[in-house]
Amino acid sequence: MKAKNTEIDLTDSFELIPVSIHKTAKEGSVEVAKTIASLVREKQKAKQPCVLGLATGSTPKNLYAELVRMHREEKLSFKNVITFNLDEYYPMAPDSLASYHRFMNEQLFNRVDIEPKNIHIPDGTISKDDIKAYCEKYESDVQKAGGVDLQILGIGINGHIGFNEPGSGINSKTRLVALDNSTRIANAYDFPNMSEVPRLALTVGIGAIMKSRKIILMAWGQHKAPVIRKAVEGHSTEQVPASLLQQHDNCLFVLDEQAALELTRFKSPWLTGECEWSSRMIRKAVTTMALNLEKPILMLTDNDYNDHGLSDLLVQFGSAYDINLMVFNGMRNTITGWPGGKPGVEIPGHPERALPEHKRVLIFSPHPDDDIISMGGTFIRLHEQGHDVHVGYQTSGNIAVSDEFVTRFIDFVVGFDEMFGIDKNHATQLMQEARKFLKSKKSSDVDAADIRAIKGLIRRCEAKATCRYVGIKEENIHFMNLPFYETGKIEKAPPGKKDVEITMDIIRKIKPHQIYAAGDLADPHGTHKVCLEIVFEALARLKKEPFMEDCWLWLYRGAWQEFEVYEIEMAVPMSPDQVRQKRNGIFIHQSQKDSVPFQGSDAREFWQRVEERNAGTAELFDKLGLPKYAALEAFARYYY
Ligand code: F6R
């Protein structure tokens, strides 16, 4: 059943579920919060309860924060609200760090005036024998409460809703399920290591979800874009459980622009109607077609353009020959071995200015290894080409050092003191206490401040060693220790004034001609995203200062994702030797080798991911008929 859509005109589109697209996750969340608030108030007026189905995970965090704000500032009361959460890991104690009980209490319930008796979350401590009866009662309690008025959903990258993994039927019941391996990997960042991610979970079934009177599914970020396309434009199939929502008659997907990127209207807008042919859009259309056809750009024919819905381009720009050449030349110009501009030579179409010959460069690195991982080749070139390269390490990165790794260092300090007879000095005492703490640390414990400091120091030393390896001076290394990061947990504090001020100070001090920042929005922990928002805010505030006129911002992508080929505005090539040189620079970060706590969804080590990615970008350029390199580091300019 195709839902009646009030948001957009679906007549000439491919979309089978209404979608509402917002610039940011925050804006989308505010819209959903408003829908919830008006429903709650409407029910209050009618003296009725309002039954909400709620989800956990990273997706609804902004929504809950907005509801809390509305409660505090706009007197939104939750006294008439009854909630039923979708799921909980099994087994799972409610007070565990990763439990959904704890999540809901921290994000919402403890911060609003909901009656505790009105809160329902599947119980991860129920004995296996009682589960069937427990699940039946959970469903009948929903019906007793009047049924769900509004169900909030997130979506897994495999298309799951709740923990209804691929294969779950449209009538599936509330039950105990085995988690898909991809879900366990995706959720691994909530747990110290993979083996601690539960294999089972309790979930409300799709049958019960479909009974909700209204459903809103939210999705943020580019990593969700492929599954959103499948759910919205693909067949309704159990293999993509969210696509079954096509059969609900009051369901809305609320997306940010990143999650909507793969929808045909954005991916290939020329297929869904009118299309604004900017040079970027032309590049996108032509490169997409060339890669699909496995043809170099210069081999595309008029027929290819016609067959791919691009006859419009032929009408506007003449023959395939002319368009091919325009796109090919534009892409060729992005390739440069002179990321700081070629001294004294103004090359037409070159992505950077030739002057000043020796630029001041500031690389912002969210974690202490992103500089070398994401743009190591460019970092080394910039230094070797005589630019004054500074690095601002934005966060301490302490959470990513394992207890085993830090214990090794503690053993060293204690052993050192013993070896040289430095008896029980302050450092030894401190280290012994730290060792004791780590030995008795439970998985629900957050590291003590001393341990965090030692872990941070380990990463600082690694970053310094990498800078020495590249050759930059000690005074060009800046550890910013942004406070938003220092919670000791995966969950970070929201960015604040201090974070922005620290960032503004360093920019003001260096007055850079080039800033490089991680535009890596798919980082599952969100640290890169927050670091970027802080840089944007700092730049917006500094914009009027005269030196800013000469300051260009280049975005790089880290270990998690790459720019689409048409988005790349500067591509810095690497020879096989330079690839090895970069790899050795990454290896200096020993605390990040082999296995890292809270690693996220990719089991490969960072150097492997980035090497494959840089080689992949080079391969794409090769396929398009551009010069062939061993690897390419890609950048996009951001106009702030
Ligand atoms: C959580 C839930 C899951 C998540 C999904 C997305 O209650 O039911 O379906 O919504 O796994 O998780 P995030 O939001 O962390 O990407």
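Which residue has a polar side-chain atom 2.4 Å from an oxygen atom of the ligand? I looked it up, and the residue is T59.

I noted first that this is a predicted model, where local features need pLDDT of at least 70, side-chain atom pairs count only at pLDDT 80 or more, and totals for chains, interfaces and linings use all residues. Residues are numbered from 1 along each chain as its sequence is written, and side-chain values use heavy atoms, with hydrogens and water left out.

**Entry: the ligand**

I found 14 residues around the ligand, counting a residue as near if one of its heavy atoms lies within 4 Å. The closest are T59, D87, H160, G162 and K224. I then checked two more polar contacts (pairs of N or O atoms within 3.5 Å). D87 places a polar side-chain atom 2.5 Å from a ligand oxygen, while S58 has a backbone N or O atom 2.8 Å from an oxygen atom of the ligand. On its own the ligand has 410 Å² of accessible area (Shrake-Rupley method, 1.4 Å probe), and the protein covers 94% of that area.

**Entry: the second largest pocket**

I turned to a pocket, an open set of points on a 1 Å grid over the protein atoms alone where a 1.4 Å probe fits, with protein on both sides within 12 Å along at least five of seven lines. Its lining residues have an atom within 4 Å of a point. I counted 20 residues lining the second largest pocket, and R283, G330, T334, I568 and E569 lie nearest its centre. α12 gives the largest share of this lining, with five residues.

Notes
Polar contact = N/O pair within 3.5 Å; in protein donor to acceptor, adjacent residues only side chain to side chain. Helix = DSSP H or I, 4+ residues; strand = E, 2+ residues; numbered from the N terminus.
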